[in-house]
Amino acid sequence: MSSQYADNSATTLQREVERRRTFAIISHPDAGKTTLTEKLLMYGGAIRSAGTVKAKKSNQFATSDWMEVEKQRGISVASSVMQFEHQGCVINLLDTPGHQDFSEDTYRVLTAVDAALMVIDAAKGVEAQTIKLLEVCRLRKTPVITFINKMDREVREPLELIDEIEDILKLGCAPITWPVGMGKDFAGVYDLHKAQMLKFMPGVNNLGDESIEVLDGADHPFLRDHYPIAHASFKEELEVVEAAAEPFDHEAFLNGNISPVFFGSAINNFGVRDILQALVEWAPAPRPREAKQRTVYPDAPDFTGIVFKIQANMNPQHRDRIAFLRICSGEYRQGLKVKHVRSAKPIRLDHAITFMAQERAHLSSAYAGDIIGIPNHGKLRIGDVITQGDMIELEGIPHFSPEIFKVARLNDPLRAKQLNKALKELGEEGTIQVFDPLEKTGIVLGAVGQLQFETVAHRLLTEYKIDAAFDRVPVQKALWVKGDDAHMKKFTQANANRLARDAAGALAFMSPNRAVLELTMEKWPDITFQSTREIGAV
Ligand code: G4P
């Protein structure tokens with residue numbers, strides 16, 4: 001962190017910022033994210049027993065029930081951000097919902113972190129959701145730590161997995177540990193930097209340093225005697241890895257080009273310590289953020305934060321929402337007076353929430369890198385900036401091109417006007433993307449996950465008393481279009497039947513299929529088609 005403020009001897013603010021590590025776990029469902037989250041929290045002392053995080057997931061409710069359950073228990077707010085301390089660092093772990101919860105929120109969470117931990121199921125390799133999430137990391141050059149999980153099972157060859165990550169994700173891999181065997185023959189991992197073997201002992205809790213047994217060198221007699229076959233193939237692989245694998249380069253990691261790779265078994269707590277160590281040692285402290293007007297340094301004394309997620313429906317009677325805000329600079333204190341940049345109005349931050357050890361607690365202070373929750377009644381939207389300083393616009397909360405498109409069908413046609421208004425409000429809030437066609441009536445909704453439609457239906461009913469269902473529309477992709485005025489005018493005239501405006505008024509091309517899109521792009525070389533749009537940038 002280089003800043004004009006870092007010259008003087010370190011202040012409390014600088015020290016607090018420097019020890020923050022804010023990250024999210026990304027993975028495809030079932031790779032072991034929940035298990036690993038739990039183990040990290042146990043290791044960090046934030047929870048005492050297994051099952052605490054798992055409980056959330058094991059409740060396999062239907063989606064609509066899930067909304068109710070979530071509302072009653074505040075589960076998703078409580079487990080959205082988990083903070084704990086480890087080796088002098090304050091670690092903020094942000095949940096990225098997976099499974100049916102996959103939505104734009106999942107993407108947006110990644111805009112609020114400084115690093116990501118990618119969990120790969122060693123039996124499956126790189127899977128669809130991981131690819132999508134990693135695209136966001138790449139867009140923002142987020143450093144990624146890789147954990148290859150489930151080595152206690154019969155899995156794929158480690159060299160093959162590394163190749164796959166490099167090929168499909170276009171991410172350089174620097175193995176830090178390498179497995180010896182797998183499944184019943186899993187002997188442990190070899191630390192390439194320390195030239196030590198960490199012995200795998202299933203059933204041992206592995207949660208304290210004292211319970212991890214270390215064997216020196218790659219040729220320990222124990223390995224040769226007890227795991228002769230696994231050891232022989234490990235030795236062959238080690239030669240390849242040492243000759244061909246990328247060396248770990250901290251700078252390249254920080255730029256998102258190289259990922260340190262660890263092997264382990266989350267369910268056996270094996271490898272968890274290595275990950276925490278990597279986070280503490282290598283993951284970056286909060287970094288400066290670019291605003292349109294200037295760079296915002298985390299250790300600048302003025303408080304600045306950006307809203308990246310809205311949790312609605314905690315109590316529909318009051319339309320109350322929690323805006324999740326990433327602190328980008330300065331320090332939060334209770335009663336802080338700030339400005340809301342979009343409305344240019346002052347706000348007093350009185351009841352911000354923190355997420356210490358999974359419980360909602362009112363806090364008295366938080367620092368750049370931390371996440372706070374601000375209860376409000378719809379005033380705060382995604383991408384909003386609040387600040388004590390000058391009126392700046394921060395970059396970095398993009399809209400992602402939706403993948404599922406639907407129109408609302410009213411069960412009571414008399415509510416059409418209210419429906420349009422409600423959808424626009426939900427669009428502005430970031431619950432779903434709305435596209436208002438230039439030539440047709442009827443707002444098209446776009447989402448990256450099915451759950452977003454469930455959420456909209458639920459909120460329409462409970463907050464707006466509108467009973468609506470959704471039908472698919474023949475749109476496959478929406479891309480934002482840009483060009484100079486003359487070209488845009490011609491393009492708009494020629495393609496009005498395929499154009500729509502989103503919640504911020506930006507123009508998007510609604511393509512029914514790939515062929516139409518390719519033809520249109522070919523025909524209009526002066527128009528750019530973008531699959532992301534930053535909030536605020538029209
Ligand atoms: P997710 O959040 O990424 O969706 O995955 P989750 O942690 O729920 O793990 C998915 C399944 O994989 C779980 O099994 C979990 O126990 C198992 N698992 C996680 N880590 C490991 C590991 O290191 N080794 C092995 N062998 N299994 C692992 P499940 O049967 O779906 O659930 P459960 O009945 O165990 O709770």
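## Charges over rings

Let's start with Lys199, which lies over the face of Phe222, at 4.1 Å from the ring centre. Keep in mind that this is a predicted model. Another lysine does something along these lines: Lys309 has its charged end over the ring of Phe324, 5.3 Å from the centre of that ring.

## Rings meeting rings

Aromatic rings also pair up with each other, and the structure holds 16 aromatic pairs. Take Phe509 and Phe529: their ring centres are 5.9 Å apart and their planes sit at 90°, so this pair is edge-to-face. Planes over 60 degrees apart are what count as edge-to-face.

Where do Phe509 and Phe529 sit in the chain? Phe509 belongs to strand β31 (residues 507-511) and Phe529 to strand β32 (residues 528-530), so to speak two distant parts of the chain, 20 residues apart, linked by the pair. Both Phe509 and Phe529 are buried.

## The nonpolar cores

Now for the greasy parts. In soluble globular proteins, nonpolar side chains tend to be buried together. Here, the largest nonpolar core has 124 residues. Which of its residues touch the most other members? That would be Leu36, Leu40, Ile148 and Phe303. Domain 1 (20-282) and domain 2 (289-394) both give residues to this core, so the core lies between them.

There is also a second, separate core, made of 19 residues. Among them are Ile404, Leu419, Leu426 and Ile466.

Notes. Residues numbered from 1 in each chain as written. Predicted model: local features only at pLDDT ≥ 70, side-chain atom pairs only at ≥ 80, totals over all residues. Heavy atoms only, no water. Phe/Tyr/Trp six-rings, centres within 6.5 Å; stacked < 30°, edge-to-face > 60°. Helix = DSSP H or I, 4+ residues; strand = E, 2+ residues; numbered from the N terminus. Buried < 20%, exposed > 50% of the residue type's maximum accessible area, 1.4 Å probe, protein only. Lys NZ or Arg CZ within 6 Å of the ring centre and 35° of its normal. Core = buried A, V, L, I, M, F, W, Y, C linked by side-chain atoms within 4.5 Å. Domains from an automatic or database assignment.
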